[in-house]
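Hi there,

Here is the structure I promised to pass on to you. Please open it beside this email and follow along as you read.

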Amino acid sequence: MRHPRTAALASVFGLALTAVLAAVPSATAAPAPAGNAASYSAYERSQENADANRAFFEAVQRSVAEQRAANPGALAVTVTYNTRNAPSFRSQIARSTQIWNSSVSNVKLQEVSSGGSFAYYEGNDSRGSYASTDGHGRGYIFLDYRQNQQYNSTRVTAHETGHVLGLPDHYSGPCSELMSGGGPGTSCQNAQPNAAERARVNALWRNGLVAAGAQH
């Protein structure tokens, strides 16, 4: 939020986006100053955030495109993730991936014990929760403690997971729009993508191939 898949041919792609400790907030690092609605909003609407979103999905896009040549008949893609570094959010992550898996058909999210296409991390950051990369094709989703206390935590997690699937932020949208993130305020409890968001993800991942487009 940054403030915050059909057949037996489905293929599991190792997207080579496993987060490395040097690229993500360390569990032993000193906590960042506590964030608030204003600091979350400032980061969410920043060019830095927009660039990080774009880099995250483009890394996924490049990796899938490269591997499609070896599996041209695959009808769906399975994107794997691990939660080893976000133990406090395992239930929210499970719920958010369940939401997405039941909402779209051309891409599926699947948990693995280690490695995977991307990883979730938890900690403190005044910018809130976000998706990012280390600039070398590795990605992760960071879940901020305080923001997840102030906002519906499953919504926060499902929103950030939406970036993995290629959706950009749209903070001016209504609560019914998942990618509006924190725009509607802390009272918004919706953690479900709307029809347009579901259709967009299915279009991006149709026949297992991420469509390069101007979604950002």
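Below is what I found in it, going from the overall picture to the details.

**Before you start**

This is a predicted model, in which local features need a pLDDT of at least 70 and side-chain atom pairs count only at pLDDT 80 or more, while totals for chains, interfaces and linings use all residues. Residues are numbered from 1 along each chain as its sequence is written, and side-chain values use heavy atoms, with hydrogens and water left out.

**The overall picture**

The chain has 6 helices and 6 strands. Helices (H or I, at least four residues) and strands (E, at least two) are DSSP runs, numbered from the N terminus. Read from that end, the order is β-α-α-β-α-β-β-β-β-α-α-α. Of the 216 residues in the chain, 51% are buried. Buried means under 20% relative accessible area, exposed means over 50%, and partly exposed is in between (1.4 Å probe, protein chains only).

How confident is the predictor? pLDDT is its confidence in each residue, from 0 to 100. The average for the chain is 77, and 69% of the residues score at least 70.

**The nonpolar cores**

In soluble globular proteins, nonpolar side chains tend to be buried together. A nonpolar core here is a set of buried Ala, Val, Leu, Ile, Met, Phe, Trp, Tyr and Cys residues joined through side-chain atoms within 4.5 Å. The largest one has 29 residues, and those with the most contacts inside it include Val-79, Trp-100, Phe-118 and Tyr-120. Elements that each supply at least two residues of this core include α2 (47-68), β2 (77-85), β3 (107-111) and β4 (118-123). Another core, of 7 residues, lies apart from it, with Tyr-43, Ala-119, Tyr-121 and Tyr-130 among them.

**Strands β5 and β6**

Let's look at two neighbours in the sheet. Strand β5 (residues 130-133) is covered on both faces: Tyr-130 and Ser-132 on one side are buried, and so are Ala-131 and Thr-133 on the other. Strand β5 runs antiparallel to strand β6 (residues 139-144), and 4 bridges join them. Two strands pair if DSSP finds at least two bridges between them. Across this pairing, Ser-132 stands opposite Tyr-140 and Ala-131 stands opposite Ile-141.

Strand β6 also pairs with β4, this time in the parallel sense, over 5 bridges. There, Tyr-120 stands opposite Ile-141.

Is β6 enclosed or open? Because 6 of its 6 residues are buried, β6 is largely enclosed by the rest of the structure. Gly-139, Ile-141 and Leu-143 point one way, while Tyr-140, Phe-142 and Asp-144 point the other way.

**Aromatic pairs**

Rings of Phe, Tyr and Trp (its six-membered ring) pair if their centres lie within 6.5 Å; planes under 30 degrees apart count as stacked, over 60 as edge-to-face and the rest as tilted. By this rule there are 7 aromatic pairs.

**A buried threonine**

Thr-161 sits in helix α5 and counts as buried because its relative accessibility is 0%. Contact means heavy atoms within 4.5 Å. Beyond its neighbours within four places in sequence, Thr-161 is in contact with Ser-96, Trp-100, Leu-109, Tyr-120 and Ile-141.

**The disulfide**

A disulfide is a pair of cysteine sulfur atoms within 2.5 Å, and the chain has 1. Cys-175 is joined to Cys-188, S to S 2.1 Å. Both cysteines are in the loop between α5 (153-164) and α6 (195-204), 13 residues apart. The torsion about the S-S bond is about 85°, so the disulfide is right-handed. Cys-175 is partly exposed, at 27% relative accessibility, whereas Cys-188 is buried, at 4%.

Key. pLDDT is the predictor's confidence in each residue, from 0 to 100.
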